[in-house]
Amino acid sequence: MAVSRLPTAALSLKQFLQRQKVLGIYRDLLRTIRKIPTESDRRYLGDWAREEFKRNKSETDQDVIRMMITQANNHLEDLRRSLALAGC
């Protein structure tokens, strides 16, 4: 029997795609936060986003991860709408 060259902790395709989606949301959130005009608000929201993603990075339950992705997308859209209303 052939020995697999993959590391024992290799992600499945589904996990890899989900990870890419989470990283994309994180990047989009940080890019959107950069558009906030007030420095203190930018810093607060940036710290909040980093802490939330860091706190949940060890989650393995796929249903919980999907729920968090949905919540992150909702937060991102709310932030974008708020910035659009503020004319930023």
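The 21 residues of α1 should span 30 Å at 1.5 Å a residue, and its end C-alpha atoms are 30 Å apart, so the two agree; the expected span is 1.5 Å times one less than the number of residues. Helices here are DSSP runs (H or I, at least four residues), numbered from the N terminus, and strands are E runs of at least two. This is a predicted model, in which local features need pLDDT of at least 70, side-chain atom pairs count only at pLDDT 80 or more, and totals for chains, interfaces and linings use all residues. Residues are numbered from 1 along each chain as its sequence is written, and side-chain values use heavy atoms, with hydrogens and water left out.

**Helix α1**
- Q18, I25, L29, T32 and I33 are buried in α1, where buried means under 20% relative accessible area (1.4 Å probe, protein chains only).
- These residues lie on the same side of α1, because they cover an arc of only 100 degrees around the axis, taken from the directions from the helix axis to the C-beta atoms.
- Their cover includes α2 (39-55) and α3.

**Nonpolar cores**
- The largest nonpolar core has 7 residues: L29, I33, I36, A49, L76, L79 and L83. Such a core is a set of buried Ala, Val, Leu, Ile, Met, Phe, Trp, Tyr and Cys residues joined through side-chain atoms within 4.5 Å.
- α1 (13-33) and α3 (62-86) each give two or more residues to this core, and α3 gives the most, with 3.
- A second, separate core of 5 residues includes I25, I65, M68 and A72.
- Beyond its neighbours within four places in sequence, I36 contacts D41, R42, L45, L79 and L83 (contact: heavy atoms within 4.5 Å).

**Annotated region**
- An unreviewed UniProt entry places "domain: Complex 1 LYR protein" at residues 20-77; such annotations may be inferred rather than shown by experiment.
- Residues 20-77 are 81% helix and 0% strand, with end C-alpha atoms 19 Å apart.

Technical notes. Buried < 20%, exposed > 50% of the residue type's maximum accessible area, 1.4 Å probe, protein only.
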